[in-house]
Amino acid sequence: MKKILIMSALLSPLNAQALTEQTFVERLRATHPFFNQQALSSKIKLIEKRATKANEDWVVAVESAYQSAHKNSNDLSTATANLDTASIGLSATRKHANTGSNITFKHTWRNKSKSTNTTNNGFSLDYTYPLLRNKDGINERLSGDVAQIAINQNTLQRLEAEEVFILSKLKLFIDLVYAQEQYSINEQRLALSKKELALVKSKYSASVVEKVDVLSQQDAYQTANQKLLQAQQDLTLLRHEIAVALDLDFEQVVASTDLYKIYHPSEIALKAYLSKNSRVLKINNLSQKILKRQLLSFKNTSKAKLDLKLGISSAGENTNYSKSLSNQSTTWKVGLGLSYPIGGIKADSNIKKTNMELEILVQSKREQLLDIYTQAKTLKEKIQFLEKMMHSNQVQIKIASARTVEEKQRYSNGNGEASFVINAQNNEQVVKLSYAQVAKNYQKAILAFKASIDQLVE
């Protein structure tokens, strides 16, 4: 009895802080490193998306050179005998992904040393705009578009991974609820056995019952005590496991939920609902979207490269830098550049390969729908059968309780045996534990069903 009081004292003061299913999940999200890992994976996808903008960075280049030319005295050429040339070129180039165009600014300075110093300054602005291949930047935008789809895909994958993880932990929570119930049933059975043992002993002292009745009741008491110790062990180990997972003190791990509550799901056309709402299928759709986007670029690369080219430049020459700046001559140009790959083997191969990969995903999606529909359908049927079993358990408990009362009455009237009373009491305990076991399986099946239709984590 002392052990019972100790465990009751361990659990009862904390009922006000007991864990519900909701607070269990909230605590899990707040403390478990799994969710931090998931958050980091999303941040990585955002960084990868930002990295795709690198092709739009300004590229600045500087070139410098010094050249010294000395003519041999025997050379009959009329060219200048000695010429030293120093030059510096500064350029800045940038691509614009949304149009596929390039723009380049360039400035060159050249100083020639001969009989008199001459300085040349040049400025140019060149712009290239694609008209066929890479029109509207379809190829430049490929990595960015794919990265955005990958971000959307990662969001769904995170939810899917979190749902699987939370499902596994909530099943552990249901195990805790069951372990508490199992302990409570065994605790009540031991208290009853102790009371019955004291009663039999008093009857034996009054020579009302025989020694065998006392021995039978002592054996029943020890059996009940052993079952309570086993239940205590199961409960204690579970509480320690959950305490570590939730970063709680052992004393704080007490569950508060109705193990026997009945789930009333809304009526839905299961296959149609899954086809429209399943995250797994949505992830597959996004994988198809990535391939379709790549296919657009592969088809585009098979086109001729036709670019519109525009340019304006100015150049000036004088004896020094400032004078050459004020002595500029301007020119402009417009033109077309055309090139076409003969054969197009690479583009054709990429197109065929991507089309095949798309077909694989289409067939994979059909298989995924069959798998999740089968899982959800069987779980739904399982829930219905378990609910019927729970109703049957309730009836069985009433019968077992009535039988115990009847056996006790018969024994008190001298028409029965102590062993019959003990058997009836044990049977009542077994039926109650069976009810709790079925209820545990029922609650786990409900969680699994919610996860199969993506309603456990939304």
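1. Phe24 and Phe173 are both buried (under 20% relative accessible area; over 50% is exposed, and in between is partly exposed, with a 1.4 Å probe and protein chains only). This is a predicted model, in which local features need pLDDT of at least 70 and side-chain atom pairs count only at pLDDT 80 or more, while totals for chains, interfaces and linings use all residues. Residues are numbered from 1 along each chain as its sequence is written, and side-chain values use heavy atoms, leaving out hydrogens and water.

2. How many aromatic pairs does the structure hold? There are 6. Rings of Phe, Tyr and Trp (its six-membered ring) pair if their centres lie within 6.5 Å; planes under 30 degrees apart count as stacked, over 60 as edge-to-face and the rest as tilted. Phe24 and Phe173 make a tilted pair, with 5.0 Å centre to centre and 40 degrees between the planes. This pair links distant parts of the chain: Phe24 sits in helix H2 and Phe173 in helix H4, 149 residues apart. Helices here are DSSP runs (H or I, at least four residues), numbered from the N terminus.

3. Phe34 and Phe35 pair edge-to-face, at 5.3 Å centre to centre and 90 degrees between the planes. Both of these residues are buried. Ring pairs join Phe34, Phe35 and Phe165 into a cluster.

4. Now helix H2 itself. H2 spans residues 21–31, and Phe24, Val25 and Leu28 are buried in it. Seen down the axis of H2, the buried residues fall within an arc of 95 degrees, so they line one face of the helix. The arc is taken from the directions from the helix axis to the C-beta atoms. An α-helix has 3.6 residues a turn, so residues three or four places apart point the same way.

5. What does the face of H2 turned away from its buried side carry? Gln22 and Ala30, both exposed, are found there. The buried residues of H2 pack against helix H3 (33–51), helix H4 (142–205) and helix H5 (211–246). Contact means heavy atoms within 4.5 Å.

6. Ser42 lies in helix H3. Ser42 counts as buried because its relative accessibility is 15%. Setting aside residues up to four places away in sequence, Ser42 touches Asn154 and Arg158.

7. Two charges sit over rings (NZ of Lys or CZ of Arg within 6 Å of the ring centre and within 35 degrees of the ring normal). Arg239 lies over the face of Phe250, 4.2 Å from the ring centre. The charged end of Lys388 is over the ring of Phe385, 5.4 Å from its centre.

Technical notes:
Helices (H or I, at least four residues) and strands (E, at least two) are DSSP runs, numbered from the N terminus.
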